[in-house]
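I opened this notebook to record what I looked up in one protein model. The entries follow the order in which I checked the fold, the packing and the local details.

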Amino acid sequence: MTHIIDREAVRDLVATRQAQLVEVLPEREYEWAHLPGAVHLPLGRIDGTPPLDRARPVIVYCHDWLCDLSPRAAHRLQRLGFGQVYDYGVGKMDWLSADLPYEGTPPWCPGTCAGTR
């Protein structure tokens with residue numbers, strides 16, 4: 001069963017249990033902004049042997065609560081044998097709206113504001 005978690009739980013799992021952050025959106029959206037340390041693993045690439053550590057918790061997320069990619073990704077990971085899968089249901093827009101650090105390059109400022117915020 002997938003656990004839907006909030007922003008504070010994301011921060012706690014990353015800090016205390018070295019959870020892996022996985023953004024499941026298309027590459028362009030990942031490049032625009034993603035949570036610090038998140039890997040890009042689009043839904044279509046979650047099959048067989050994803051490049052993740054099965055011994056560590058996995059947190060999947062997408063854009064916002066209307067996006068259905070993260071619940072689908074969580075389900076796939078569980079079917080592949082990942083035991084600790086969490087869905088940050090409200091996604092990266094919740095993170096960004098809280099003015100938390102992120103990585104990426106917004107399209108409106110290529111080269112001028114790239115990097116970590």
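**Entry 1: the sheet.** I counted two strands as paired if DSSP finds at least two bridges between them. I took helices (H or I, at least four residues) and strands (E, at least two) as DSSP runs, numbered from the N terminus. The model is predicted, with local features requiring pLDDT of at least 70 and side-chain atom pairs counting only at pLDDT 80 or more, while totals for chains, interfaces and linings use all residues. Residues are numbered from 1 along each chain as its sequence is written, and side-chain values use heavy atoms, with hydrogens and water left out.

In what order do the five strands lie in the open sheet? I read β1-β5-β4-β2-β3, with parallel pairing. At the edges stand β1 (3-5) and β3 (39-40), each with a single partner strand, so one side of each lacks a neighbour in the sheet. I found three bridges between the parallel strands β1 and β5. Histidine 3 has tyrosine 86 of β5 as its bridge partner.

**Entry 2: helices on the sheet.** For packing I used contacts, meaning heavy atoms within 4.5 Å. For directions I used lines fitted to C-alpha atoms, for helices over the stretch in contact, with angles from 0 to 180 degrees between N-to-C directions. Helix α1 (residues 7-17) packs on the sheet and touches β1, β2 (20-23), β4 and β5; its direction makes about 140 degrees with that of β5. Helix α3 also packs on the sheet, touching β4 and β5, and its direction makes about 150 degrees with that of β4.

**Entry 3: the buried side of α3.** I called a residue buried under 20% relative accessible area, exposed over 50% and partly exposed in between (1.4 Å probe, protein chains only). Which residues of α3 (residues 69-79) are buried? They are Leu69, Ser70, Ala73, Ala74 and Leu77. They cover an arc of only 135 degrees around the axis, which puts them on the same side of α3; the arc is that of the directions from the helix axis to the C-beta atoms. An α-helix has 3.6 residues a turn, so residues three or four places apart point the same way. I noted that the buried residues of α3 pack against β4 (58-61) and β5 (85-88). Just after α3, glycine 81 takes a positive phi of about 100 degrees.

**Entry 4: the disulfide.** I found one disulfide in the structure, taking a disulfide as a pair of cysteine sulfur atoms within 2.5 Å. It joins cysteine 62 to cysteine 67, with an S to S distance of 2.5 Å. The link of cysteine 62 and cysteine 67 is left-handed, at -130 degrees about the S-S bond. Both cysteine 62 and cysteine 67 are buried.

**Entry 5: positive phi outside glycine.** Glutamine 18 is not a glycine, yet has a positive phi of about 55 degrees. I located glutamine 18 in the loop between α1 and β2; at 55% relative accessibility, it counts as exposed. Aspartate 99 has a phi near 60 degrees, also positive in a residue other than glycine. I placed aspartate 99 in the segment after α4 (91-97), and at 51% relative accessibility it counts as exposed.

**Entry 6: the whole chain.** I recorded four helices and five strands, in the pattern β-α-β-α-β-β-α-β-α along the sequence. Buried residues make up 43% of the 117 residues.
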